[in-house]
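Look at the sequence and the structure first, then read on.

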Amino acid sequence: MKYLIPVDSSEAALIPIGHLEQAVRHGAKVEALVLNVQPRLNRHISRLTRKADRDALRAERSRAATARAIERLVRAGVRHRALTELGPPAERIAAVAEAEGVDEILIGAGRHPWWLRWLDPSVAQGVIARTDIPVTVMARGEAGPFERYVVPVGIAGLAALLLTSD
């Protein structure tokens, strides 16, 4: 099977690699496309920098983001290719999956509380909305106490201050 694995520099993005390692140990034929999507820079930054410098920065960041995934795939004997795209992550992941004809998209994700998902929608949700290719989201762990308690209390306190200041 041919899998697309979008990665960034987070530990959570590497969760699907373990799934592929296990599949190879059980004798499955697996091909992996490791994809890193680099964001476009703000137009004000783009006007003040050279294209070659921006491209070099993106290439360096992409190599750093994909290095651990590639290393693990090599050790496991998984056939793979590394790709870099530029643009909105969900849009580019869906487009690459369609263009490459992958069988499944495997996304590693960290666990976040509901309010954080509301503020910053999940890339996985965006990919699911843009493609008919099966998407498997793999997560481990749980949201930390800072995300669960401190930030919501801080936001509630700020809201109370704003309401009483009128």
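A residue is called buried here when its relative accessible area is under 20%, exposed when that area is over 50%, and partly exposed in between. By that rule, the buried residues of helix 1 are Ile15, Pro16, Ile17, Gly18, Leu20, Glu21 and Ala23. The model is a predicted one.

## Overall layout

The protein has 7 helices and 5 strands. Along the sequence these elements follow the pattern β-α-β-α-α-β-α-β-α-α-β-α. Of the 166 residues in the protein, 33% are buried. The accessible surface comes to about 10,500 Å², and carbon and sulfur atoms account for 57% of that surface. Among the contacts with a separation of 6 or more, 82% are between residues 24 or more positions apart.

Which elements cover the buried residues of helix 1? The cover includes strand 1, strand 2, helix 3, strand 4 and strand 5. After helix 1 comes Gly27, which has a positive phi near 95°.

Helix 4 spans residues 89-100 and has 12 residues. From its first C-alpha to its last, helix 4 reaches 16 Å, close to the 16 Å expected at 1.5 Å a residue. Its buried residues are Ala90, Ile93, Ala94, Val96 and Ala97. These residues lie on the same side of helix 4, because they cover an arc of only 165° around the axis. What covers them includes strand 1 (2-6), strand 2 (31-38), strand 3 (79-86), strand 4 (104-110) and helix 6 (123-130). Helix 4 is followed by Gly101, and the phi of Gly101 is positive, near 65°.

## Strand 4 and its partners

Strand 4 is largely enclosed by the rest of the structure, because 5 of its 7 residues are buried. Strand 4 pairs with strand 1 in the parallel sense over 2 bridges. In that pairing, Tyr3 stands opposite Glu104 in strand 4. Strand 4 also runs parallel to strand 5 (residues 135-140), and 6 bridges join the two. Here Gly110 stands opposite Arg140 in strand 5.

Where does Ala12 lie? Ala12 is in the loop between strand 1 and helix 1. Leaving aside neighbours within four places in sequence, Ala12 is in contact with Gly108, Ala109 and Gly110. The C-alpha atoms of Ala12 and Met138 are separated by 8.4 Å, although these residues are 126 residues apart along the chain.

## Charged pairs

Side chains of opposite charge can pair when their charged atoms come close. For the count used here, a side-chain nitrogen of Lys or Arg must be within 4 Å of a carboxyl oxygen of Asp or Glu. By this rule there are 10 salt bridges. The table gives some of them.

| Salt bridge | Closest N and O atoms |
|---|---|
| Arg68 and Glu11 | 2.6 Å |
| Arg79 and Glu31 | 2.9 Å |
| Glu71 and Arg75 | 3.5 Å |

Take the salt bridge between Arg68 and Glu11. Arg68 lies in helix 3 (residues 51-76) and Glu11 lies in the loop between strand 1 and helix 1 (15-25), so this pair ties together parts that are 57 residues apart in sequence. Arg68 counts as partly exposed because its relative accessibility is 35%. Glu11, at 54% relative accessibility, counts as exposed.

Next is the salt bridge between Arg79 and Glu31. Arg79 lies in strand 3 and Glu31 in strand 2, so the pair ties together parts that are 48 residues apart in sequence. Arg79 counts as exposed, at 55% relative accessibility.

How many residues apart are Glu71 and Arg75? They are 4 residues apart, about one turn of the helix, and both lie in helix 3. Glu71 is partly exposed, with a relative accessible area of 47%, whereas Arg75 counts as exposed at 63% relative accessibility. Elsewhere, salt bridges that share partners join Lys2, Arg81 and Glu100 into one network.

Note on methods:
Residues numbered from 1 in each chain as written. Predicted model: local features only at pLDDT ≥ 70, side-chain atom pairs only at ≥ 80, totals over all residues. Heavy atoms only, no water. Expected span 1.5 Å × (residues − 1). Buried < 20%, exposed > 50% of the residue type's maximum accessible area, 1.4 Å probe, protein only. Arc of directions from axis to C-beta. Contact = heavy atoms within 4.5 Å. Areas by Shrake-Rupley, 256 points an atom, 1.4 Å probe, with all protein chains shown as cover. Pairing = 2+ DSSP bridges.
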